[in-house]
Amino acid sequence: YDVVAFYENKAVKGSDSITTEWKGVKWYFSSQANKNSFLQKPQQYEPQFGGWCAYGASRGYKAPTEAATYAIINNKLYFNYNMKVKELWEKNRQAYIDSANVKWPSFKNK
């Protein structure tokens, strides 16, 4: 998915022909303009917790995510495992984010 497009309130798949490498990851974009935006400030668009589930990170583990669960909070991109988990996360979002921020460094490289 095009991480820049999430900031335009869209979950859009990126194209195989518009990519870049950053931090050892291949990033896909839906337009050259979005790729250019990313290249200017990639850390601004990088998903929190490596794109893993924000709720899972708050509990101390990595879980895969679905693109439709995205949320932009304080100009940061978060994902969750599925919509049911996102609904749970939304009920106490800031506490889950705070918990994940504390726990993430201890398991992010595992």
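## Exposure and the model

A residue counts as buried when its relative accessible area is under 20%, as exposed when that area is over 50%, and as partly exposed in between, with a 1.4 Å probe and protein chains only. Asn-9, with a relative accessible area of 63%, is therefore exposed. This is a predicted model in which local features need pLDDT of at least 70 and side-chain atom pairs count only at pLDDT 80 or more, while totals for chains, interfaces and linings use all residues. Residues are numbered from 1 along each chain as its sequence is written, and side-chain values use heavy atoms, with hydrogens and water left out.

## Two loop residues with positive phi

Most residues other than glycine have a negative phi. Asn-9 is not a glycine, yet its phi is positive, at about 65 degrees, and this residue sits in the loop between H1 and S1; helices (H or I, at least four residues) and strands (E, at least two) are DSSP runs numbered from the N terminus. Lys-23, likewise not a glycine, has a positive phi of about 55 degrees and belongs to the loop between S1 and S2. Its relative accessibility of 59% means that Lys-23 counts as exposed.

## Aromatic rings

Rings of Phe, Tyr and Trp (its six-membered ring) pair if their centres lie within 6.5 Å, and planes under 30 degrees apart count as stacked, over 60 as edge-to-face and the rest as tilted. Across the whole structure there are 14 aromatic pairs. One of them joins Trp-22 and Phe-38 edge-to-face, at 5.7 Å centre to centre and with 90 degrees between the planes. Because Trp-22 lies in strand S1 (residues 15-22) and Phe-38 in helix H2 (residues 32-40), this pair ties together parts that are 16 residues apart in sequence.

Phe-38, at 1% relative accessibility, counts as buried. The rings of Phe-38 and Trp-27 have centres 5.0 Å apart and planes at 35 degrees, so this pair is tilted. Since Trp-27 lies in strand S2 (residues 25-29) and Phe-38 in helix H2, the pair ties together parts eleven residues apart in sequence. Trp-27 is buried as well.

## The largest pocket

On a 1 Å grid over the protein atoms alone, a pocket is an open set of points where a 1.4 Å probe fits, with protein on both sides within 12 Å along at least five of seven lines, and lining residues have an atom within 4 Å of a point. The largest pocket holds about 480 Å³ of space, and of its 21 lining residues Val-25, Trp-27, Pro-47, Gly-50 and Gly-51 lie nearest its centre. Helix H1 (3-6), S2 and strand S3 (66-73) each supply at least two lining residues, with S2 giving the most, four residues.

## The hairpin and the nonpolar core

Two strands pair if DSSP finds at least two bridges between them; S3 and strand S4 (residues 76-80) run antiparallel and are joined by four bridges. Ala-71 stands opposite Tyr-78 in S4, and in this hairpin, which has two residues between the strands, Asn-74 takes a positive phi near 50 degrees.

A nonpolar core is a set of buried Ala, Val, Leu, Ile, Met, Phe, Trp, Tyr and Cys residues joined through side-chain atoms within 4.5 Å. The largest such core has 16 residues, and those with the most contacts inside it are Phe-49, Tyr-55, Ala-57, Ile-73, Tyr-78 and Trp-89. Helix H4 (54-59), S3, helix H5 (83-91) and helix H6 (93-107) are the elements that give two or more residues to this core, and H6 gives the most, with five.

Notes:
Points joined across faces, edges and corners; volume = space filled by probe spheres on them.
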